[in-house]
Amino acid sequence: MLHTRKKSREAKEVKELLDPLYGALALGKEIPKYKMPAKEMPAPTAYRIVRDELILDGNSRQNLATFCTTYVEPEIQQLMADCVDKNMIDKDEYPQTAEIECRCVHILADLWNSPEASSTIGCSTTGSSEAAMLGGMALKWSWRKKRLAQGKPADKPNLITGPVQICWHKFCRYWDVEIREIPMEGDRYLMNAEEVLKRCDENTIGVVPTLGVTFTGQYEPVKEISDALDGLQKKTGLDIPIHVDGASGGFLAPFLSPGLVWDFRLSRVKSINASGHKFGLAPLGVGWVVWRDKADLPEELIFNVNYLGGNMPTFALNFSRPGGEIIAQYYNFLRLGKEGYHKIQKACQDVAVYLAGEIAKMGPFEIIYDGKDGIPALCWKLKEGKKYDFTLFDIADRLRSRGWLVPAYTMPAHRQDLAVQRILVRRGFSHDMAELLLDDMARVLEHFNQHPVAKPLTEKEAGGFKHS
Ligand SMILES: Cc1ncc(COP(=O)(O)O)c(C=O)c1O
């Protein structure tokens with residue numbers, strides 16, 4: 001009896017093993033998509049279903065729109081798998097992950113020239129957006145404390161920015177702060193000192209220059225703004241701090257532009273955020289915010305929790321979060337050092353500058369930013385005063401048919417009339433891949449030469465068809 005049962009079990013197992021995956025029952029019919037299936041299915045089948053659907057996502061290495069990491073070394077993949085069970089908030093249970101996070105903060109503080117690099121404060125976040133919220137909150141809390149101590153009202157805070165990433169709009173809306181965003185004018189796509197000064201008053205909680213503006217890739221002039229605010233303080237007594245949004249530039253300027261003074265060398269710069277998962281070269285899901293020194297982060301924003309087994313300070317919007325990205329960030333610091341970061345960022349910059357030169361030669365395009373003094377990116381518009389049978393949006397669309405994502409978009413206020421196209425060059429986008437892209441761009445232009453984009457027909461041209 002026992003023998004028979006064993007044999008039939010073995011036969012069933014062999015049959016299951018021999019079943020071709022795509023002959024399996026679950027794969028032969030439509031899978032319920034918005035309701036949980038009633039029954040379970042074997043892991044390999046479920047895996048295949050999910051994997052197959054993901055084929056329809058774009059190929060991330062050809063995504064030239066994103067600022068984020070799309071290539072990591074196999075060792076990072078391994079570390080991420082090693083850390084899949086680590087919750088970074090459980091600092092008592094994973095003290096080494098906590099220690100590594102702390103080391104990263106001090107490494108960054110040092111890289112950004114904090115006078116108190118070994119003792120200052122900062123933390124990891126899910127990305128620059130969360131880091132920006134924390135930086136903005138610290139500005140608001142510090143301002144309010146000062147105003148209340150002076151017996152003055154503290155109900156109308158404002159923040160001055162250039163043309164910023166959406167996270168600063170979110171910060172201002174979520175935390176009830178008026179955003180005074182300096183609009184673009186003519187060929188000026190950045191904030192400048194003059195425009196900042198026009199907007200400062202006693203309710204200004206801070207000024208946020210961006211090191212690597214999202215729309216073009218250019219750096220805003222932090223030192224010029226800091227000097228202007230020094231002048232304002234001398235004249236009026238207003239002491240307005242700076243938070244630098246270094247989402248991309250925080251990991252680029254130290255290696256590519258070491259002479260550029262934008263960081264804690266300027267005493268007015270109180271905090272900096274950066275995305276580990278952009279030019280920090282870590283996998284998705286990590287950002288950083290660091291304060292110049294401890295006193296710049298108001299104590300009231302720090303919570304102490306004791307229910308994880310120790311007494312731990314926490315300052316973040318999230319609680320549970322994976323630890324792997326932080327570990328991978330530390331691995332990069334160790335593995336690459338300043339030399340390695342410089343080599344990778346310089347290679348990206350060289351490709352961006354090369355692409356800008358070649359795209360300029362194609363004829364219809366005028367380069368707005370060529371990758372030289374900001375982030376490894378380039379941005380162009382159609383030359384003015386000429387007629388074209390296509391738009392930048394048509395080019396973007398056509399390039400997609402070869403898998404390239406080269407976004408076209410219109411600029412924010414006051415240049416909504418201006419459409420541009422942009423490429424971000426990240427680690428893993430080699431000179432050779434750039435050549436392949438240029439070939440495809442040339443093909444696209446040739447295509448539009450042969451087949452001008454059809455303009456929408458008027459009713460008359462379309463044969464007088466009328467809806468009845
Ligand atoms: C200047 C700037 N700030 C903030 C962000 C938001 O960063 P994250 O995607 O890491 O939240 C970005 C993203 O592109 C950015 O370019």
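## Domains

The C-alpha centres of domain 2 and domain 3 lie 31 Å apart. Fifteen residues of domain 2 and 15 residues of domain 3 make the contact between them, two residues being in contact if their C-beta atoms, placed from the backbone, lie within 7 Å. The side of domain 2 that touches domain 3 has 8 nonpolar, 6 polar and 1 charged residues. Here Ala, Val, Leu, Ile, Met, Phe, Trp, Tyr, Cys and Pro count as nonpolar, Asp, Glu, Lys and Arg as charged, and the others, Gly among them, as polar.

The division of the chain gives domain 1 (6-57), domain 2 (76-335) and domain 3 (346-450); these bounds come from an automatic or database domain assignment.

## Model and overall layout

This is a predicted model, in which local features need pLDDT of at least 70 and side-chain atom pairs count only at pLDDT 80 or more, while totals for chains, interfaces and linings use all residues. Residues are numbered from 1 along each chain as its sequence is written.

The chain has 12 helices and 13 strands, taken as DSSP runs (helices H or I, at least four residues; strands E, at least two) and numbered from the N terminus. Its C-alpha trace spans about 95 × 75 × 55 Å along the principal axes. Of the 468 residues, 38% count as buried. A residue is buried if 20 or more other C-beta atoms lie within 10 Å of its own, exposed if 12 or fewer, and partly exposed in between, with C-beta atoms placed from the backbone. Among contacts between residues at least 6 apart in sequence, 69% join residues at least 24 apart.

## Nonpolar core

The largest nonpolar core has 106 residues, and V290, A377 and L378 have the most contacts inside it. Such a core is a set of buried Ala, Val, Leu, Ile, Met, Phe, Trp, Tyr and Cys residues joined through C-beta atoms within 7 Å. Helix α10 (residues 324-361) supplies the largest share of this core, 13 residues. At least three residues of the core come from each of domain 2 (76-335) and domain 3 (346-450).

## Strand β7

Strand β7 (residues 287-291) has 5 of its 5 residues buried. In a regular strand the side chains alternate between the two faces of the sheet. In β7 both faces are covered, with G287, V289 and W291 buried on one side and W288 and V290 on the other. Leaving out residues up to four places away in sequence, V290 touches V105, L108, A109, W112, S114, T120, G122, S271 and I272.

Two strands pair if DSSP finds at least two bridges between them. Strand β1 (residues 122-125) runs antiparallel to β7 and is joined to it by 4 bridges, with C123 opposite V289. Strand β6 (residues 269-275) is also antiparallel to β7, with 5 bridges, and S275 stands opposite G287.

## I367 in strand β10

I367 lies in strand β10 (residues 365-369). I367 counts as partly exposed because it has 15 C-beta neighbours inside 10 Å. Apart from neighbours within four places in sequence, I367 is in contact with A356, I359, A360, L378 and W380.

## Ligand shell

The ligand is surrounded by 15 residues, of which G127, S128, S129, Q165 and A247 are the closest; a residue counts as near if its C-beta atom, placed from the backbone, lies within 6 Å. Helix α5 (residues 128-149) gives the most to this shell, with 3 residues. By class, the shell has 4 nonpolar, 10 polar and 1 charged residues.
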